[in-house]
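Dear colleague,

Please find below the structure I wished to hand over to you. My notes on it follow the display.

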Amino acid sequence: MSRLLVCPPDHYRIAYEINPWMDVKRGADPMVARVQWHALVAMLEKNCGATLERIVPVAGLPDMVFTANSGIVAGRTVVLSQFRYPERRPEEPPFERWFQEHGYQVKRLSLGLYFEGAGDMLGTRDLWFGGYLQRTDIRAYRYVGEFLGREILPLELVDPRFYHLDTCFCPLSGGEVIWFPGAFDRYGQAAVKERIPAEKRIAVPEEEAMRFACNAVCIGKHIVIPEGCPITMERLERLGYAPHAVGLSEFIKSGGAAKCLTLALD
Amino acid sequence: MAHETILLHGHIIDSLLLPKVLDLILQYGGSFELAHVRIGKTREEPSDARIIVHAESPERLAEIIAAVQAHGAAVEKEADCQWLEAPVDGVFPDDFYATTHLPTEVRVHGKWVPVKGIEMDLGIRLDRDDLAPHTVPMAEVRKGDRIVVGREGIRVTPLARPAQLDVFGFMGAQVSSERPHGHLIAGIARRMQALRKSEAKILLAGGPAIIHGGGREPLAWLIEAGYIHVLFCGNALAAHDMEAHLYGTSLGLRLEGGVPSHHGHEHHLRTINRIRAIGSIEEAVHQGVITTGIMAACVRRGVKVVMAGAIRDDGPLPGVITDSVQAQAAMRAALPGVELALLVASTLHAVATGNLLPASVPTVCVDVNPAVPTKLADRGSLQAIGLVMDAASFLRELARQLGWKE
């Protein structure tokens, strides 16, 4: 997992409110956001050995920076997202074009079947989880699973602050998972525990979950994680990972951080 | 009660979606039946569940459905039933739907229509406009008939526990030789009184043990008193009943005293021969040759009698139907309106009648052999009473309860 799709934050701002983090009045500082984004990109490329592909940002689509929500990629196939909120639907055509121009086989879900890509669908080689209810419609996973030949375990997201699976759940390269159990109901928690043994589950405290500890990017042994999550970082170090903290405050104001700003391409 | 069928598909076991959906149904005040669950053989293979959701009202049901849809439950698409033409006379198309004895509906042109003539082990035939679904026996199907196939668009309603709190409501389908019979027979008698008032029909299917054991008089009385409206029997019951009138014997044994009578073994043959000579049982009664007993009472009261033949029959008597498919058809034709069936001392006629009756008709099966009432009770009717006892004792007690004086 070393090739990532990113989108420069040229047009990034808080233009609407579609999750509890967004506050149009408070807004985000565009200059600080740019600095933070470039620091993240540099960290990924220089420290973690990732190769980045850049999509050209489109004016009027501030959330295009959150490329994780554009679709899910497996090999040379992409299943495109269908956003729940109309504010984000105009992002679909530029992403579709990018995937087509880069030789991906593009799969679309039937109209009205909401699916928010790698924002809600996360996994390792043979075990995938799909967050649903807040953004993705659970019925989408049936088709995504068939398109990609993957088993997807649906997990209901019950806390509006953790509206995408990648805000509260992050599988790592060694089979571990960083998660905030409070974002799931007891069925979801039981399903995760059934599949991932206790020693591989890193439950983050709520204050670090609120700093987007779970919205991390794992590349091999490197983990890029938002700053302000010392407990999680220490636990990752003990498991042999190299966590790198980056400041992403301006993006957290939109409800996204490191993971939301990248899309794994293979 | 309102109900709707929902489907769940995917990794519903590992993700605990199935228990979650079932819990939600209960939390919203509904109940469910797991109609079908197929669990994937491997972790990769998805599983399926078909769940029938019940709720006290359509509004409550809609709430439940909305709640579980968010978790991926899809409402089963209702489809019209499928039909194929019968390939030749007497043969159903492959995959024909075989009926149960429970109330059944089929969906035609988007509407659920009750199937008429409900009886187990038949097919369902639609008319040319696909309307008026009716059961049809295999032997009666004609080439080109539209026969319902598959499982789609067919629904069967389980019987609710009867509302009437009499012996039929309480008994369920237990059979025991070790239960007092008195109150059961009294309960049956009360039901018969109610049915006689309402002009519903009571059927009795019986064997010759009724005559041998001394049940002839009480049964004849029940018929004369208007408690029996349809009689199913074989050659033997009729022959020995009339033998008793003509010779005072049943299979040659004196009914009074029980001693063998001289050349008594010929009596039933002479009886049959006499009736054959006259031409019919009705004519024998009209001519005054037969004036007492069951058959005479049936003729006088206009009881519908269906006599079905058997391979060991002597004669047989005129009116005995020797083709068993025709006999079945004649029995079936006599069933509309029957609301109680007494199956007394005849394994073959009892089982045949049981097979022809819809589950909604209460049955009373009386036999000294517990296997017969057990077999009948196993049909799954909630209203089957099995009595392990002698036929004549049963009939005497029943008639007494209804006013017969010995």
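The notes below start with conventions and then turn to each chain and to single residues.

This is a predicted model, in which local features need pLDDT of at least 70 and side-chain atom pairs count only at pLDDT 80 or more, while totals for chains, interfaces and linings use all residues. Residues are numbered from 1 along each chain as its sequence is written, and chains are lettered from A and ligands numbered from 1 in the order in which they are written.

Chain B overall

Chain B contains 14 helices and 21 strands; helices (H or I, at least four residues) and strands (E, at least two) are DSSP runs, numbered from the N terminus. Of its 406 residues, 42% count as buried. A residue is buried if 20 or more other C-beta atoms lie within 10 Å of its own, exposed if 12 or fewer, and partly exposed in between, with C-beta atoms placed from the backbone.

Contact between the chains

On the side of chain B, 14 residues are in contact with 15 residues of chain A, where contact requires C-beta atoms, placed from the backbone, within 7 Å. Elements giving two or more residues to this side are β1 (2-10) and α1 (17-27) of chain B, and α1(B) gives the most, with 3 residues. By class, this side of chain B has 4 nonpolar, 6 polar and 4 charged residues. Ala, Val, Leu, Ile, Met, Phe, Trp, Tyr, Cys and Pro count as nonpolar, Asp, Glu, Lys and Arg as charged, and the others, Gly among them, as polar.

A helix pair in chain B

Helix α6 (residues 216-224) and helix α10 (residues 294-301), both of chain B, pack at an angle of about 5°, with their axes 8 Å apart. Axes are lines fitted to C-alpha atoms, for helices over the stretch in contact, and angles run from 0 to 180 degrees between N-to-C directions. α6(B) and α10(B) are therefore roughly parallel to each other (angles under 35 degrees). The residues making this contact include Leu219(B) and Ile223(B) of α6(B), and Ala297(B) and Cys298(B) of α10(B). By class, the contact has 6 nonpolar, no polar and 3 charged residues.

Strands around β13 of chain A

Strand β13 (residues 222-226) of chain A has 4 of its 5 residues buried, so it is largely enclosed by the rest of the structure. Strand β12 (residues 217-219) of chain A pairs with β13(A) in the antiparallel sense over 3 bridges, pairing being assigned if DSSP finds at least two bridges. Cys218(A) stands opposite Ile223(A). The two strands β12(A) and β13(A) form a hairpin with 2 residues between them, and Gly220(A) in the turn has a positive phi of about 60°. With strand β14 (residues 242-246) of chain A, β13(A) pairs in the parallel sense over 5 bridges; His222(A) has Ala242(A) as its bridge partner.

Single residues

Leu133(A) lies in the loop between β7 (128-132) and α3 (140-148) of chain A. Leu133(A) touches Glu156(A), Leu157(A) and Ala70(B), not counting residues up to four places away in sequence.

In chain B, the peptide bond from Gly315(B) to Pro316(B) is cis, with omega near -5°. Glu199(B) has a positive phi of about 65° although it is not a glycine, and with 9 C-beta neighbours inside 10 Å, Glu199(B) counts as exposed.

Yours sincerely

How values were computed. Angles under 35 degrees count as roughly parallel, over 145 as roughly antiparallel, 65 to 115 as roughly perpendicular and the rest as oblique. Two residues are in contact if their C-beta atoms, placed from the backbone, lie within 7 Å.
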